[in-house]
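I opened this model to look up how its chains meet, and I noted each look-up in the order in which I made it.

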Number of protein chains: 2
Amino acid sequence: MVGRVKALGFSISVDGFGAGPDQSLEHPLGKGGNTLHRWLLGTKTFKTMIGQDGGSDGVDNALAHRLMDGFGAFILGRNMFAHSRGPWPDDGWEGWWGDNPPYHAPTFILTHHAHEPIVMEGGTTFHFVTDGIEAALERARDAAGDLDVKIGGGTSTVRQYLRAGLIDDLHIAFSPVLLGRGEALFEGLDLPALGYRVTESTPTDLATHVMLGREKGS
Amino acid sequence: MVGRVKALGFSISVDGFGAGPDQSLEHPLGKGGNTLHRWLLGTKTFKTMIGQDGGSDGVDNALAHRLMDGFGAFILGRNMFAHSRGPWPDDGWEGWWGDNPPYHAPTFILTHHAHEPIVMEGGTTFHFVTDGIEAALERARDAAGDLDVKIGGGTSTVRQYLRAGLIDDLHIAFSPVLLGRGEALFEGLDLPALGYRVTESTPTDLATHVMLGREKGS
């Protein structure tokens with residue numbers, strides 16, 4: 001048995017953007033990008049993760065729980081890991097998440113610039129992959145064994161894996177906001193032609209959760 | 001008092017398309033385009049319109065009822081009226097809707113090619129406007145008096161009026177389907193910069209209804 005490749009909890013705006021414009025250290029999701037994640041930020045799962053009490057239960061929370069649970073490996077685009085661009089600066093950057101990142105598994109960072117692995121607390125090791133998305137997926141599958149691999153984002157990374165037909169399951173949360181500019185998830189992608197279809201659609205008060213699936217071998 | 005300019009019941013797919021690809025006489029909404037309108041086709045309002053009994057009540061039906069009710073004038077793109085392109089053929093075409101079209105009000109068709117008005121049964125007269133979207137709206141407002149004007153589509157027509165900031169209220173029905181190709185409603189439009197925001201989001205089993213509004217003068 002081989003695990004599946006999943007991109008989950010990918011929030012996009014009514015006008016199709018997976019992140020706001022003008023990404024920066026101050027706005028890691030781009031301007032307005034936080035409003036995309038309202039369905040997630042109020043859940044019990046998220047609040048527990050950031051050390052707060054309370055939070056909502058229900059569908060949003062059940063989906064939030066699935067975002068990080070049970071994966072054997074993760075793949076992230078460079079911009080998900082760091083705000084720097086180009087050759088790695090010698091600044092000791094170890095990601096946005098502090099000493100104990102929420103991955104707790106091997107995490108493969110797509111980059112054009114080689115970097116030594118970084119071993120963090122809690123089971124996360126960041127590996128840097130310079131030879132493309134297929135190579136990264138192969139290493140992630142090997143590391144994950146029977147468990148699933150998660151494509152953690154951002155938009156450009158998810159788009160590349162979708163275009164290659166390498167994502168089995170995609171969970172999109174449509175948030176009722178307009179962003180106007182940013183990274184458009186679907187632009188130029190013909191998902192039905194790539195074998196994808198809608199398998200489920202579940203609305204909540206804060207988002208409409210749409211599941212896309214692709215049969216293996218299609 | 002002046003009526004508002006509305007585009008209502010504009011169904012789009014998860015991947016942002018307002019109609020499927022390859023529009024033709026056989027597929028007036030493009031291939032797969034009918035699946036966009038599932039929320040509408042089962043409603044009591046729609047079934048009554050096509051002479052059938054039964055149909056659903058509830059939110060979808062209430063929104064379906066608003067689609068055609070109480071407008072003083074309509075504006076349609078050429079392709080909503082006819083499948084022919086270019087200079088009008090001498091084929092006696094009077095629209096897709098038979099002798100008694102569902103508009104029951106003056107209906108202005110945007111076209112590059114002049115055509116005499118066509119008086120139909122039931123109060124619908126088709127007028128053909130060759131001098132642009134602003135001129136068509138001015139004529140429609142004059143005809144509508146205090147009543148609202150509806151921009152009836154298709155995608156390209158709605159996009160032109162949105163870009164000009166001339167639509168006050170837009171109701172989008174997100175249907176849980178993928179089309180892959182077709183006319184993308186939002187592509188290249190920065191709606192927040194044009195003054196639009198989400199005013200309401202109401203999910204049903206068949207679609208998520210999102211209302212966009214623009215304050216007059218914004």
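**Notebook: the interface of chains A and B**

I first looked for salt bridges and found a count of 2 between chain B and chain A, taking a salt bridge as a side-chain nitrogen of Lys or Arg within 4 Å of a carboxyl oxygen of Asp or Glu. In one salt bridge the side chains of R181(B) and D190(A) meet at 3.6 Å, N to O.

I then asked which elements of chain B supply the side that touches chain A, and noted that β8 (196-203) and β9 (208-214) each give at least two residues, strands being DSSP runs of E, at least two residues long, numbered from the N terminus. β8(B) gives the most, with 5 residues.

This is a predicted model, in which local features need pLDDT of at least 70 and side-chain atom pairs count only at pLDDT 80 or more, while totals for chains, interfaces and linings use all residues. Residues are numbered from 1 along each chain as its sequence is written, chains are lettered from A and ligands numbered from 1 in the order in which they are written, and side-chain values use heavy atoms, with hydrogens and water left out.

For the extent, I recorded 24 residues of chain B in contact with 24 residues of chain A, contact meaning heavy atoms within 4.5 Å. Because 100% of the interface residues of chain B are also interface residues in chain A, the copies meet through the same surface.

Key. Helices (H or I, at least four residues) and strands (E, at least two) are DSSP runs, numbered from the N terminus.
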